[in-house]
Amino acid sequence: VSGGCFNPAVAMGIDMSSQGLPGLGYCGSYILSELLGAGLAAALFQVVRPGDFGKEKSAATELVSEFLGTYMLVLTVGLNVLGHSKAGAYSIAACLTSMIYALGDVSGAHFN
């Protein structure tokens, strides 16, 4: 969807070098989306990893981490099914492994 522009500088560079379009066409909306996504990720990180910020773990910490892990797993499965992927097992296993590694010590990684 985005062309892989996860960095505002990359989004601006790609937009300015686009052929047939004047520079800075969609770059503002891409940059805004990237910055909002980064802010949301930082906020969720503070909720999921309160110990890194001198706070205690709560029920919200476990609920949010389980929600995020389950969301990513279901998203990966759904995209593999919709895309008729022949390597679905590998990407699902990679997603599950990543979520267990990232969130297992927070909530136990009981994604369902």
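Q: What makes a residue count as being in contact with Ser 65, leaving aside its neighbours within four places in sequence, and which residues are they?
A: Contact means heavy atoms within 4.5 Å. Leaving aside neighbours within four places in sequence, Val 48, Leu 103, Val 106, Ser 107 and Phe 111 are in contact with Ser 65. This is a predicted model, in which local features need pLDDT of at least 70 and side-chain atom pairs count only at pLDDT 80 or more, while totals for chains, interfaces and linings use all residues. Residues are numbered from 1 along each chain as its sequence is written, and side-chain values use heavy atoms, with hydrogens and water left out.

Q: Is Ser 65 buried or exposed, and what makes it so?
A: Ser 65 has 0% relative accessibility, so it counts as buried; the term means under 20% relative accessible area, with exposed over 50% and partly exposed in between (1.4 Å probe, protein chains only). Ser 65 sits in helix H3, where helices (H or I, at least four residues) and strands (E, at least two) are DSSP runs numbered from the N terminus. The C-alpha atom of Ser 65 is 8.1 Å from that of Ala 109, although 44 residues separate the two along the chain.

Q: What does Ala 109 count as at 18% relative accessibility, and why?
A: Ala 109 counts as buried, because its 18% falls under the limit. Ala 109 belongs to the segment after H4, and its phi is near 55°, a positive value in a residue other than glycine.

Q: Why does His 84, with a relative accessible area of 66%, get its label?
A: His 84 is called exposed because 66% is over the limit for that class. His 84 has its place in the loop between H3 and H4. Its phi is positive as well, about 50°, although His 84 is not a glycine.

Q: How do you know whether the length of H3 agrees with the span its 24 residues should have?
A: The expected span is 1.5 Å times one less than the number of residues. For H3 (residues 59-82) that gives 34 Å, and the end C-alpha atoms are 34 Å apart, so the two agree.

Q: Which residues of H3 are buried, and what covers them?
A: The buried residues are Thr 61, Ser 65, Glu 66, Gly 69, Thr 70, Leu 73, Thr 76 and Asn 80. Their cover includes H2 and helix H4 (88-107). A helix has 3.6 residues a turn, so residues three or four places apart point the same way. Thr 76 is one of the buried residues, with 15% relative accessibility. Beyond its neighbours within four places in sequence, Thr 76 is in contact with Ser 91, Ile 92 and Cys 95.

Q: What makes the orientation of H3 to H4 what it is called?
A: H3 and H4 pack at about 175°, with their axes 9 Å apart; axes are lines fitted to C-alpha atoms, for helices over the stretch in contact, and angles run from 0 to 180 degrees between N-to-C directions. Because this angle is over the limit, H3 is roughly antiparallel to H4; angles under 35 degrees count as roughly parallel, over 145 as roughly antiparallel, 65 to 115 as roughly perpendicular and the rest as oblique. On the H3 side, the residues of the contact include Leu 68, Met 72 and Val 77, and on the H4 side they include Leu 96 and Met 99. By class, there are ten nonpolar, eight polar and two charged residues; Ala, Val, Leu, Ile, Met, Phe, Trp, Tyr, Cys and Pro count as nonpolar, Asp, Glu, Lys and Arg as charged, and the others, Gly among them, as polar.

Q: How do you know how H1 is oriented to H2?
A: The axes of H1 (residues 8-16) and H2 (residues 27-48) come within 9 Å and cross at roughly 165°. That makes H1 roughly antiparallel to H2. The contact is made by Pro 8, Ala 11, Met 12 and Asp 15 of H1 and Cys 27, Tyr 30, Ile 31, Glu 34 and Leu 35 of H2. Seven of these residues are nonpolar, none polar and two charged.

Q: What pattern does the protein follow along the sequence?
A: The pattern is α-α-α-α, from four helices and zero strands. Buried residues make up 22% of the 112 residues.
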